[in-house]
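Hi,

Here is the structure I said I would pass on. Have a look at it first, and my notes follow below.

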Amino acid sequence: MLMTNGVCRSRCGGRVPAGLGVVCSSDGRHSKKRTRPRRGRRKKDDDVVVTRRRWYHSSRSGDGRDTKPRYSSSSPHGDAGSSLYDKAGTVMMKEARIIEDSDHGIRDHCIIPEAWHVLMGLRKHGHEAYVVGGTVRDVLMQQQVPKDVDILTSADPSQVARLFKRSFLLGRNFPICHVHVGRGHVIEVSSFSTNADPAHIPLDYAPLAAYASRSKYVDSTGGGVFAGGPTWAMARRENAIKRDFTMNALLYDPFTRILFDYVGGVEDCETKTLRTIESPDVSFSSDPARMLRALRLAARLGLRIDEDTKREILARRTDITSLSHGRLQMELNAMMAHGSAAESFSLLAAYGMMELMLPHHAEVDRDVITSMLSRMDAYARVDAPIDSIFWTTMLFAPLCLHREDAVATDTTHTSAGREDIDSVSQRLLSSDNTAIPCLLPRNAVEMAATILKLHIDTVSQDVMLPSISADEYIQERRNAHKKRRNNKARKKTTIKGLNSTEIVILNILRDYI
């Protein structure tokens with residue numbers, strides 16, 4: 001075993017500090033002394049690398065040769081390097097950009113206080129923390145301050161759950177942690193270690209400082225504790241290129257106010273262009289739900305879909321039938337509940353997905369549906385989504401419109417209208433002969449049928465309904481998690497046991513049915 005300044009210099013490449021109780025044999029394989037309690041579990045015949053709190057298998061190949069990382073860098077920051085390719089070797093990555101605070105519009109007030117609470121908690125315990133995803137995208141595109149913040153950290157999900165009391169781990173293969181802060185705010189925290197090679201993730205600051213405080217662990221050449229080991233530039237780039245779209249792959253360090261762009265996402269935000277990071281065929285074949293997500297983002301943000309991406313969506317649109325029923329319902333709800341339902345409905349029709357997502361609406365007058373959804377969008381916001389009952393009723397009512405084309409004025413016509421509503425409801429709930437069963441929630445369909453019958457009764461009895469403006473309704477939705485204020489609002493807008501959502505729906509239906 002060869003030693004230089006306490007660091008192993010044999011075939012392992014000097015990445016494992018010998019002072020930590022790791023013995024390197026003549027063939028370059030490591031074993032651990034019994035000098036301290038073993039943390040984690042390791043296989044007998046594999047190399048190991050010390051990372052944050054456990055032993056991970058290194059990237060050494062079977063013949064003892066070291067597998068070098070895919071990334072090279074010559075920038076002082078360690079980020080600006082040569083052009084890169086994805087795993088398939090077909091998509092060329094753009095040169096990384098390091099954008100300082102004088103060149104971007106992200107400021108501290110663009111991040112909500114609840115997110116700062118989580119960021120400060122992670123940094124306090126020595127973990128790296130970045131704001132990622134749609135939060136950075138919306139701020140750069142001059143949208144309103146995002147209420148949903150996604151955080152990327154070097155801590156494991158289990159470590160995040162131990163740091164914050166009201167936190168919950170979700171997912172088995174790709175776990176994330178939901179941290180509940182304040183009233184109704186949920187901060188989603190993901191980890192660098194999820195779906196990544198641990199050998200490409202450097203140590204956190206806390207263990208790094210502990211090792212560096214012992215002089216015998218520090219390399220005298222200036223390389224640090226693990227000379228030649230992984231860098232944060234490598235970890236950031238690895239995480240960015242695994243995301244779906246370029247504008248969703250931006251990482252922002254709120255403490256240094258530096259924005260990291262590895263795939264050209266800033267340029268696409270400026271031009272409002274939606275494109276995939278990998279080639280569209282590879283991206284959509286790995287996850288067909290990205291096609292629905294592309295339509296949703298294009299509708300919500302007014303984006304132009306890249307020609308290659310558009311062509312691949314048209315070619316692969318039938319692949320969404322392989323998704324689970326629950327996943328499709330979740331994507332449909334995201335399209336309809338956040339204020340861009342009319343545009344999303346139009347894009348579904350334009351890209352040939354109407355017959356797959358909403359087969360019962362393929363033969364209905366789309367102009368009427370689009371008009372009703374436009375009225376509904378005025379009552380929805382990204383931070384104040386509407387209930388599924390609202391948008392389900394707007395999609396359910398046009399199916400009965402061709403039968404109930406006039407206002408019911410006599411008892412016979414009202415009874416016939418009720419029978420038509422029941423038949424449409426039963427047809428939707430029993431639609432198992434299509435490629436994708438009805439994606440409208442069952443309980444929402446039943447409630448929509450009840451509201452439509454109530455509409456017939458209120459019109460025939462000439463019942464006056466109060467008027468609720470869009471601003472009043474949106475403010476009530478934003479305060480829905482506050483029990484006292486919500487109950488107070490319900491008392492003001494309640495008539496004959498109806499809540500504000502039902503009153504707004506009935507007022508919209510009166511203009512069409």
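Let me start with helix H10 (residues 325–336): its 12 residues reach 17 Å from the first C-alpha to the last, close to the 16 Å expected at 1.5 Å a residue. That expected span is 1.5 Å times one less than the number of residues. Helices (H or I, at least four residues) and strands (E, at least two) are DSSP runs numbered from the N terminus. Buried in H10 are Leu328, Glu331, Leu332, Ala334, Met335 and Met336, where buried means under 20% relative accessible area, exposed over 50% and partly exposed in between (1.4 Å probe, protein chains only).

A word on the source: this is a predicted model, in which local features need pLDDT of at least 70 and side-chain atom pairs count only at pLDDT 80 or more, while totals for chains, interfaces and linings use all residues. Residues are numbered from 1 along each chain as its sequence is written, and side-chain values use heavy atoms, with hydrogens and water left out.

Overall, the protein has 19 helices and 18 strands, and 50% of its 513 residues count as buried. Taking contacts (heavy atoms within 4.5 Å) between residues at least 6 apart in sequence, 67% join residues at least 24 apart.

Now the sheet. It is open and mixed, with 8 strands in the order S9-S16-S15-S10-S11-S14-S13-S12; strands pair if DSSP finds at least two bridges between them. Strand S9 (97–99) and strand S12 (167–170) are the edges, each pairing on one side only. Strand S11 (residues 150–153) runs parallel to strand S14 (residues 185–191), with 4 bridges in the pairing. Leucine 152 has serine 190 of S14 as its bridge partner. Helix H1 (residues 113–124) packs on this sheet, and S11 and S14 are among the strands it touches.

There is also a helix pair to look at. The axes of H11 (residues 341–350) and H13 (residues 366–377) come within 7 Å and cross at roughly 150°; axes are lines fitted to C-alpha atoms, for helices over the stretch in contact, and angles run from 0 to 180 degrees between N-to-C directions. Residues making the contact include Phe345 of H11 and Leu373 of H13.

Lastly, glutamine 475 lies in helix H17 (residues 470–478) and is partly exposed, because its relative accessibility is 36%.

Cheers
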